[in-house]
Number of protein chains: 2
Amino acid sequence: MSAGPPLTHLLGGLPAAVPFVAPDAIERQTGRALRLRLGANESLFGPSPRALEAMRAALGRIAYYGDPESAALRAEIARIHGISPAQIVIGSGIDDLLGLVVRAFLEPGMAAVTSLGGYPTFNFHVLGFGGQLERVPYRDDANDLQALAEAARRASARVVYLANPDNPSGTWHTGSIVRAFIDRLPPDALLLLDEAYVEFAPPGTAPDIDPSDPRVLRVRTFSKVHGLAGARIGYGIGAAETIAAFDKIRHHFGVNAVAQAGALASLGDRVHVEQVVAAVAEGRADLERLARSLGFATLPSATNFVAIDVGGQPRARALLTALQERGVFVRMPGAPPLDRCIRVTVGPLRDRAEFAQIFQELVSAFSG
Amino acid sequence: MSAGPPLTHLLGGLPAAVPFVAPDAIERQTGRALRLRLGANESLFGPSPRALEAMRAALGRIAYYGDPESAALRAEIARIHGISPAQIVIGSGIDDLLGLVVRAFLEPGMAAVTSLGGYPTFNFHVLGFGGQLERVPYRDDANDLQALAEAARRASARVVYLANPDNPSGTWHTGSIVRAFIDRLPPDALLLLDEAYVEFAPPGTAPDIDPSDPRVLRVRTFSKVHGLAGARIGYGIGAAETIAAFDKIRHHFGVNAVAQAGALASLGDRVHVEQVVAAVAEGRADLERLARSLGFATLPSATNFVAIDVGGQPRARALLTALQERGVFVRMPGAPPLDRCIRVTVGPLRDRAEFAQIFQELVSAFSG
């Protein structure tokens with residue numbers, strides 16, 4: 001048989017790499033079910049009961065295509081943010097929206113700027129759409145905004161990615177600092193502001209941005225505080241012209257109808273969100289105490305995870321492996337300086353107790 | 001405020017168009033709920049009760065990300081087709097897979113071939129990824145395979161789209177004719193064979209294709225006979241090298257976890273699928289009798305819809321509008337010669353009776 005139709009030059013030149021090895025893949029590789037799933041920053045406090053009820057009801061209409069405009073959900077997001085539905089795009093998770101933004105703004109061959117060791121799926125899309133990646137090391141375990149702005153100017157970047165609060169470090173900048181950062185970017189660069197974890201952050205972390213400012217697209221998700229990771233739904237807020245441009249290329253029927261119903265109902269349950277935020281804050285303090293008791297520092301976190309500084313990449317890797325052998329899934333950030341840490345999702349009390357016991361045993365064994 | 005970051009040249013040059021006006025959008029435009037939803041070829045016979053049960057159960061794990069490799073579903077599809085999971089890609093509906101194939105194989109500036117008036121979402125992706133569209137008129141209300149092959153050779157096409165059975169006509173070619181067509185395509189063209197409706201077609205409609213043949217990618221969906229349109233899930237079968245290439249660019253976490261569970265369970269309920277196929281065949285005959293009784297011909301259909309030839313585009317458009325005013329959603333194919341028809345989804349007996357009454361009244365009024 002012939003070699004067949006050729007792939008595009010762009011695709012033919014890409015490395016064979018996926019952004020993440022998923023927990024399910026780890027289970028298949030090891031042949032063991034995970035006992036504690038603390039590596040994907042899912043909400044182990046679960047979704048709102050109202051979201052569950054709405055999703056069960058939505059299954060009754062699953063034979064129908066969902067609304068490709070997600071009109072009801074966009075109306076509610078617009079109401080909450082005091083903006084227009086025309087300033088909102090819905091996608092099948094932030095990952096989907098990252099791809100859309102890169103495709104819309106990053107001219108092939110041009111540069112995108114991000115932090116070295118930042119969210120891999122952004123990088124995946126930049127390479128996948130033919131862009132060049134400029135990566136800026138973290139500084140004091142936080143995104144180095146000055147260096148990011150300088151790199152953006154130097155490389156004439158078209159897209160700049162910033163997660164605030166940050167993943168995988170958990171650190172954050174205040175909203176006013178992020179605002180000042182926007183003004184230091186080149187005028188033809190779009191800031192892709194990933195606020196996946198913003199609900200867990202102190203007030204003032206989300207910058208006050210005019211939603212009609214074309215220089216920024218902010219993205220949020222129902223995968224974290226809302227506990228709907230499996231539903232695949234998130235949203236972006238940007239200038240109406242940007243959102244209209246997405247309509248020319250986006251996958252219009254890409255968002256599951258049950259997910260739309262669940263997201264809408266979850267927005268209506270502020271009490272649940274507040275309870276999760278409070279429980280996560282308590283659990284984060286708990287994990288920080290555990291780390292301290294074992295002689296480890298933790299990075300400041302405004303998220304639902306804690307990066308524990310275990311003193312170096314070799315020990316982080318060894319602990320990661322040892323934890324995995326005990327059925328505990330956590331992650332190690334992918335690049336220095338953060339790869340001296342393991343990143344642990346904050347779960348409920350029972351999960352934390354189980355993690356504490358296993359982690360203490362492993363650390364003792366390593367020290368012994 | 002400045003004009004902001006520029007869109008890519010490609011996106012900047014695209015028309016503001018969406019592939020479809022959705023039924024939900026029609027309801028918003030008219031301010032009325034649709035009484036009969038017969039324009040999107042959804043399965044009005046609903047999903048398998050087993051699929052519903054599996055989806056309800058999957059909601060219990062909705063806080064977890066789904067499996068980005070859809071391993072369980074791919075294993076079952078592989079078992080059914082006697083192929084390897086490495087020859088299967090899962091996407092959030094065929095629309096997602098069409099975009100993926102175009103992105104992977106259609107070098108910007110090069111040609112894709114399809115039928116004039118064929119599935120608009122394919123065209124949307126071709127333009128969205130910078131390709132050129134070559135459109136070949138239908139012949140005798142069917143895809144004109146000889147002209148498609150000639151156009152592909154003449155235009156040095158990289159992707160050729162064929163829906164078999166066809167949408168919006170409902171007509172089909174036998175599998176052996178499609179096989180012969182593959183051999184007449186240029187060697188560096190990929191055939192994108194859309195088999196969304198193949199379960200409704202006579203035996204022998206799905207061509208016997210070596211799954212490792214790199215010249216073909218066939219796509220199927222859970223939106224039609226399986227009744228899961230709102231779940232957004234479909235699959236593609238192709239050479240393992242093609243599927244592996246998709247992994248370099250696809251939206252890995254794009255498919256809802258509940259959809260994966262529902263699709264898997266639905267594959268296990270052959271009885272439901274057979275019942276739907278039988279009920280659709282009966283309903284199709286019913287619609288054909290209705291059309292005949294009103295003096296209209298119908299196009300042969302191997303799908304869950306019937307194209308009724310109402311005698312010309314003006315009358316088709318008038319009937320479409322009049323039906324919509326009565327709360328009945330159907331579609332009119334977008335180009336000659338099929339735009340002399342209205343396309344009506346086959347629903348259960350009660351829906352058919354309601355449609356028959358309204359349609360008869362309208363046709364009488366038009367003739368009177």
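Me: Which residues of α13(B) are buried?

Reply: First off, this is a predicted model, where local features need pLDDT of at least 70, side-chain atom pairs count only at pLDDT 80 or more, and totals for chains, interfaces and linings use all residues. Residues are numbered from 1 along each chain as its sequence is written, while chains are lettered from A and ligands numbered from 1 in the order in which they are written. A residue is buried if 20 or more other C-beta atoms (placed from the backbone) lie within 10 Å of its own, exposed if 12 or fewer, and partly exposed in between. In α13(B), the buried ones are B:R352, B:F355, B:F359 and B:V363.

Me: Why do the buried residues of α13(B) line one face of the helix?

Reply: Look down the axis of α13(B) and take the directions from that axis to the C-beta atoms. The buried residues line one face because they fall within an arc of 65°.

Me: Which exposed residues sit on the face of α13(B) turned away from its buried side?

Reply: Helices here are DSSP runs of H or I with at least four residues, strands are runs of E with at least two, and both are numbered from the N terminus. The buried residues of α13(B) pack against β1, α11, β11 and β12 of chain B, with contact meaning C-beta atoms within 7 Å. The face turned away carries B:R350, B:Q357, B:E361, B:S364 and B:A365.

Me: How many residues does each chain give to the contact?

Reply: On the side of chain A that touches chain B, α5(A) gives the largest share, five residues. The contact takes 78 residues from chain A and 77 residues from chain B.

Conventions: Contact = placed C-beta atoms within 7 Å.
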